[in-house]
Amino acid sequence: MVEQPNKKLIVEKLFLNFGGVHALDDISLDIYDNEIVAIIGPNGAGKTCLLNCINGFYRPQSGSITFEGKQLVGLPRHKIASLGIGRTFQNIQLYTGLTAVENLMAARHIFYKNTFIEDAIFFGPTQKAEVKHREIVEDIIDFLDMETIRDRVVGALPYGQRKKVDMGRALALEPKILLLDEPMAGMNSEEKEDMARYILDTHELRRIPIVLIEHDMGVVMDIAQRVVVLDFGKKIADGTPDEIRCDVRVIEAYLGRDSGIPMKYK
Amino acid sequence: MESTTIYEKSFDTFPKLLIEQCKRSGANKLALRHKDRGIWKRFTWGQYYDYVKYFSLGMISLGLKRGDKVSILGENEPEWYWADLGIQAAGGIVVGIFTDCMPKEVQYYAAHSDSRFILAHDQEQVDKVIEIKDQLPLIEKVIYWDPKGLWSYTQPYLLNFYKVIELGKEYEKQHPGIFEENVSAGNGDDIALILYTSGTTGLPKGAMVSFNNILIVGRIINKIDPSFSTDNYVSAISPAWITEHNSIATHLMVGHPVSFPEDPETVQQDIRDIGPQIIFFAARQLEAMARIIQAKIVDAGFLKRFAYNLFLPVAYKKADTEIAGNKLNIFWKILYWLGDTIVFRNLRDKFGVLYARKAASGGAALSPDIIRFFRGVGINIRVGYGSSEGGVTSCGQLEGEIKLETAGRPYGLVEMRISEQGELLIRSPGVFKGYYKDEEATKKVVINGWYHTGDFCFIDGDGHVTIMGRMADVRKLSNNKTFSPDYAEIRLRFSPYLKDALVFGRETENYVTAIVNIDKETVGRWAEQKHIPYTTFTDLSQKPEVIKLVADELKKVNKALPEHARIKKFVSLNKEFDPDEAELTRTRKLRRSFVEQRFKEIIDAMYGDKTEIAVHSEITYRDGRKGIIETVMKINSIL
């Protein structure tokens, strides 16, 4: 018998309402060890809401999210981050006045253990810690080919490069699961190709599950092992890319019910 | 301090020089630097020696035999040098391949050279080799040194560079002293390298270069124009090009450290970190630098622009005075000092050449305007001339006797003469050992010891050589006058707005035409400032304002050309010339006959009376796919 992979993240019966709007409506979802899952769905389907619930930006009205056996709902965001949940954002959230390397160093703050006094003196333990963190950050810079932008101020970087810094910042948290919100939005095809390679390499190197929201179906079908489809806050499909491709409900969600698509797809 | 320079003829191979230099400099002295993870990592001569030794032994334990070929496909990093010297120490021959080669080209070089091993830098290069591995039955191992992304590759022939080092350590335990024995068995006349000529015509040919080809003239040059062990050099030109091996020779001979940039894209910043005394620029790099400076000045604030424009004439005055062999008088000296303090010093600092004592250029002819410009701002560019076949450096400008149009005088032991047809012939210890597996071609170019360069040249009364262009390129017009397209092209490339040009003439016509490539960056910026909207390169290239801009640039150059060689009609091409489409060589030289063939339609149109031409051009994407662009280009006359 094939060994059952571990469930890393379990979302159960999640409800999230904004007034009368059901942003998430009874969502249940398991993320297994070491898999790449894509969440797709039309605009407003609740994809980003789901990620926001997982890392604590939104508090769902009911339901539970457990990560490695720990309940996440109700925990403050920084606690969730230090549990090992790293994420990137659709509308990049970086310190625009800092350089790329400073942004990555800032992400390491959850690992700083030194006291205020030690930090004020800097020499000794703080210096050692700083060097150690810088090494880890430099590995990420090497990994994402960010050498050319290392000392550039993030605010002055082009969009595709900022996305990279955002991804680097998430990796600097040494996440046990990585949530990527539209990592390729607004990129040209070469940048997309690079980003897809970084995602696959991250997966290969760190052996962590990666959840990504993405609109580019080519990318999704190429790199995801499993695809989850949301529509109006409901999960309407969950399966391998091939299964999703010919799922009637998915086609309806994307193209509308009476869209005149040929019968063979219905 | 005692000099560490090795002039003795007994050290006649690179590995012998390495062992000796390690002794003279001392095992603990800095030999190599590599920027990695943002930090300059240091390697001493002792570590250098060990890496070379163990790599060499590791390769032997993998079965490398004397005379075997090993292809190297990598960026400038210490591993390239270690592998290079390690393979040569074992009696192997290194085949250098440019990293931007397409898989097809790599396959040709590796197959033609009968390589048994390929060193492929990283995932990108390994992927190329995997793609063509089935067509390369001789390749036994593919060795990489950057494992990023290769963790889950399972191809049995893949091997990590540092695994080879481990194998070498094992091998040494069983065969102590074998490395030194191997090195002393080497001989100066052994083939050290096979470098595939950029081949502006036909299939590339593998030029076999011996150690002596590089070292004999190298020693002489170092006596006339010495480097010192305190100098710094940044390795930024591809070792697949003979010029870099000349630098390796100097590095081993003199014992100065070599610094390797972090990434090909960070070279500019890394050069600035080091502030090298010795620097080599490909002619194209200097052209690009001049364009960047001019474009940035246009963008700069009022004060900077004012200061630059104020002092630029002073810079030219200094350059011209020095080139004429005179000294500036005190008035100009003070002015120049001011200009230097306010403008030029900062400019040099920005480009990392503040300490550059030897700034050489080669690879292609350089426009006199560029030399004047750089010498004016205090970067004393000196032009040299050489080739894989005729010797890496055959002649070069020396300080104090610079003649703008020339590539200097031949160095000692190098003889040069001009054939009746005007072709430059060279006889020197630098003349190569022939093309690999192509005696026919060798016999065509080396006749009675004289290498026929194929360059159309002129030697003046003082022995200075002027390279006019390729023999095959010199064209005759219907009025029986000849002209050299190259001569016009290099002058066109000095324009900040023009990146490339093909100048053309034919026997049935009496005027000269040109196809030009605008520079996307500078023309794009220019268009933005003039509020000219454009979408793509194609669109930009055909804008009436841009055409006018190009025409004005051509008019300027026309003034410097003889009456009959002036350009009368031109087309601003809808795409850039590209090495991937075989329009340029990997060193960015124009492959003229190919380009002329490819754009025949356009050229024909320029000799007709049409004002427009519609073309379908085939383009090749990076991944090998092909596409077609269809555009209408204007044919423009210069009045």
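B:Gln21 belongs to helix α1 (residues 14-25) of chain B; helices are DSSP runs of H or I with at least four residues, strands are runs of E with at least two, and both are numbered from the N terminus. The model is predicted, so local features need pLDDT of at least 70 and side-chain atom pairs count only at pLDDT 80 or more, while totals for chains, interfaces and linings use all residues. Residues are numbered from 1 along each chain as its sequence is written, and chains are lettered from A and ligands numbered from 1 in the order in which they are written.

Is B:Gln21 buried or exposed? B:Gln21 is buried, with 26 other C-beta atoms within 10 Å. A residue is called buried if 20 or more other C-beta atoms lie within 10 Å of its own, exposed if 12 or fewer, and partly exposed in between, with C-beta atoms placed from the backbone. Neighbours within four places in sequence aside, the contacts of B:Gln21 are B:Thr4, B:Ile6, B:Trp45, B:Leu252 and B:Gly255; two residues are in contact if their C-beta atoms, placed from the backbone, lie within 7 Å. Between B:Gln21 and B:Ser572 there are 551 residues of separation in sequence and 53 Å in space, C-alpha to C-alpha.

**Nonpolar cores**

A nonpolar core is a set of buried Ala, Val, Leu, Ile, Met, Phe, Trp, Tyr and Cys residues joined through C-beta atoms within 7 Å. The largest such core has 178 residues, and B:Ala514, B:Ile515 and B:Val516 have the most contacts inside it. Helix α2 (residues 45-61) of chain B gives this core its largest share, ten residues. Beyond its neighbours within four places in sequence, B:Ile515 touches B:Ala501, B:Leu502, B:Phe570, B:Val571, B:Leu573, B:Phe599 and B:Ile602. Another core of 66 residues lies apart from it, with A:Cys53, A:Ile199, A:Ile210 and A:Val219 among its members.

**Helix α17 of chain B**

Helix α17 (residues 520-529) of chain B has B:Thr522, B:Val523 and B:Trp526 buried. These residues lie on the same side of α17(B), because they cover an arc of only 95° around the axis; the arc is that of the directions from the helix axis to the C-beta atoms. The buried residues of α17(B) pack against α11 (283-299), β25 (512-518), α18 (537-542) and α19 (544-559) of chain B. After α17(B) comes B:His531, which has a positive phi near 55°.

**Strands**

Strand β3 (residues 69-73) of chain B is largely enclosed by the rest of the structure, because five of its five residues are buried. In a regular strand the side chains alternate between the two faces of the sheet. In β3(B), B:Lys69, B:Ser71 and B:Leu73 are buried on one side, and B:Val70 and B:Ile72 are buried on the other. Five bridges pair β3(B) in the parallel sense with strand β4 (residues 93-97) of chain B; two strands pair if DSSP finds at least two bridges between them. B:Lys69 has B:Ile93 in β4(B) as its bridge partner.

In chain A, four strands form an open antiparallel sheet in the order β2-β1-β4-β5. Its edge strands, β2 (21-32) and β5 (70-71) of chain A, each pair on one side only. Within chain A, strand β1 (residues 7-18) and strand β4 (residues 62-67) run antiparallel and are joined by five bridges. A:Val11 stands opposite A:Ile65 in β4(A).

**Domains and chains**

Chain B is assigned domain 1 (14-207), domain 2 (406-471) and domain 3 (474-637), with bounds from an automatic or database domain assignment. The centres of domain 1 and domain 2 of chain B, taken over C-alpha atoms, are 31 Å apart. Seven residues of domain 1 of chain B are in contact with seven residues of domain 2 of chain B. On the side of domain 1 of chain B that touches domain 2 of chain B there are three nonpolar, three polar and one charged residues. Here Ala, Val, Leu, Ile, Met, Phe, Trp, Tyr, Cys and Pro count as nonpolar, Asp, Glu, Lys and Arg as charged, and the others, Gly among them, as polar.
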